[in-house]
Amino acid sequence: MAHRTNLLTALKVANLKQKGLRRDGAGLYLRVKNNGGKFWVFRFMFQGKAHEMGLGSLQTISLADARLRAAACRKLIAEGKDPLAERDTAKAQAALAKAKEKTFKDCAEAYIEAHKAGWKNAKHAAQWSSTLESFAYPVLGNLPAQAIDLALVLQVIEPLWSIKTETANRLRGRIEAILDYAATRGYRAKENPARWKGNLDNVLPAKAKVQRVQHQPALPYSEIGDFMLALAAQEGTASKALTFVILTASRTSEAIGATWNEIDLKKRIWTIPANRIKAGREHRVPLSQAALDLLLSMQEEGSHKKGGYVFTSQRKDKPLSNMAMLALLKRMKRTDITVHGFRSTFRDWAAEQTNFPREVAEAALAHAVSDKVEAAYRRSDLFDKRRQLMEAWARYCSTPSVKAGSNVTPIRRKEV
């Protein structure tokens, strides 16, 4: 006896209220749920197993359309194909087609938005956007992320590699991160063409061979005493900030961003929070007596304001400009050195004029420990030894060098 089909009508379907399955025939059913929702399902046998496949809601699929969909499923079964597997394949292909519509710029902007909360400051996000705007977007920006290949990456990177090597290397890393993000989100399925190891290293020379590291111009440590005398003769906040930078061996951004809340004058400690440190972790700076005297003198002059910046600009409640100390050096006619170079001056002095261990000097500079094993075992920030080191540095900075023809020979013993 033949199975009956087309048992439902549009009117009957519209009037159905009771929960359950209503058979139309040839595997097509209407499922009515408790909440009144109505959905088409196709029930079938394939390779000896019973299956059920949703065909859509009555709100979007009419009775006539549901019958057509069921007929298409029966045709697939007759051809030896699983309707569920075929549907999954079609969905995957549709998803891939949609993914191809995601451009490299779309993925880059999404990556930056997803990660900027974890970056140290807004400047970092701005640097990402700036380098991509300048170099990557003109070539890759409007192309589908799926289409980016080695030739396109080289079109961006190769012209910069020999003339702006550091910029090119950072740009390569950013492109690699964006394409990894795109792959994770399903927007591309290829190998990452911006990867260095086993990929770009086969076609581009190593960064170290292309461009030598450009060291910051630094003052020889033997001249620091004379420089500090000249600096003391300068007026203004910039001279005090530079003195503080030198005495604490800190970075420009760390010093000009310092607030009075970070400084404990009684304990003689300046605590820089993790979000203002390059290494990304809180750093305690032991203040030498000279550094403390500088801060106390600023307090007496009325510079102290609870929660305010230590070194302020002429604009109310604003920190000193990051160019102020460089401008001061130009006024002193010292264009041969940089503010950051004083960290090198300190490091050279510590290595050549003291017996303090290397790790103490590195800790004073808040350098991250590059060796993973050493980092895993280091538990102390060597604070007490660093306090001794910074006092020795302050003493050295306060001692003028010997002039030619002088009969006076200052005793500069090697610090322990």
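Which residue in strand 6 is the bridge partner of I263? The partner is W270. We return to that pair after some ground rules and the other sheet.

This is a predicted model, so local features need pLDDT of at least 70 and side-chain atom pairs count only at pLDDT 80 or more, while totals for chains, interfaces and linings use all residues. Residues are numbered from 1 along each chain as its sequence is written, and side-chain values use heavy atoms, with hydrogens and water left out. Helices (H or I, at least four residues) and strands (E, at least two) are DSSP runs, numbered from the N terminus. Two strands pair if DSSP finds at least two bridges between them.

Angles run from 0 to 180 degrees between N-to-C directions, and axes are lines fitted to C-alpha atoms, for helices over the stretch in contact.

Now walk across this sheet. Strand 1 and strand 2 run antiparallel, joined by 5 bridges. G20 has V32 in strand 2 as its bridge partner. These two strands form a hairpin with 2 residues between them. A26 is found in that loop. A26 has a positive phi of about 60 degrees, although it is not a glycine. Most residues other than glycine have a negative phi. A26 counts as partly exposed because its relative accessibility is 29%. The classes are buried (under 20% relative accessible area), exposed (over 50%) and partly exposed (in between), with a 1.4 Å probe and protein chains only.

Strand 2 itself is mostly covered, with 4 of its 5 residues buried. Strand 2 pairs with strand 3 in the antiparallel sense over 5 bridges. R31 stands opposite F39 in strand 3. The hairpin of strand 2 and strand 3 has 5 residues between the strands, and G36 there takes a positive phi near 95 degrees. Next, 8 bridges join strand 3 (residues 38–46) to strand 4, again in an antiparallel run. Here F39 stands opposite S57 in strand 4.

Buried residues of helix 7 include L171, R172, R174 and I175. Just after helix 7, G186 takes a positive phi of about 85 degrees.

Back to I263 and the other sheet. This open sheet of 3 strands has the order 5-6-7, with antiparallel pairing. Strand 5 (263–264) and strand 7 (283–286) stand at the edges with a single partner strand each, so one side of each is left without a neighbour in the sheet. Strand 5 is joined to strand 6 (residues 269–272) by 2 bridges, and the two run antiparallel. Their hairpin has 4 residues between the strands, and R268 takes a positive phi near 60 degrees. Strand 6 and strand 7 pair in the antiparallel sense over 4 bridges. I272 has H283 in strand 7 as its bridge partner.

K333 lies in the loop between helix 13 (324–331) and helix 14. With 72% relative accessibility, K333 counts as exposed.

The last stop is a helix pair. The axes of helix 14 (residues 341–353) and helix 17 come within 11 Å and cross at roughly 105 degrees. That makes helix 14 roughly perpendicular to helix 17 (the range is 65 to 115 degrees; under 35 is roughly parallel, over 145 roughly antiparallel, and the rest oblique). Contact means heavy atoms within 4.5 Å. Helix 14 contributes T345, F346, W349 and A350, and helix 17 contributes L389, M390, A392, W393 and Y396.
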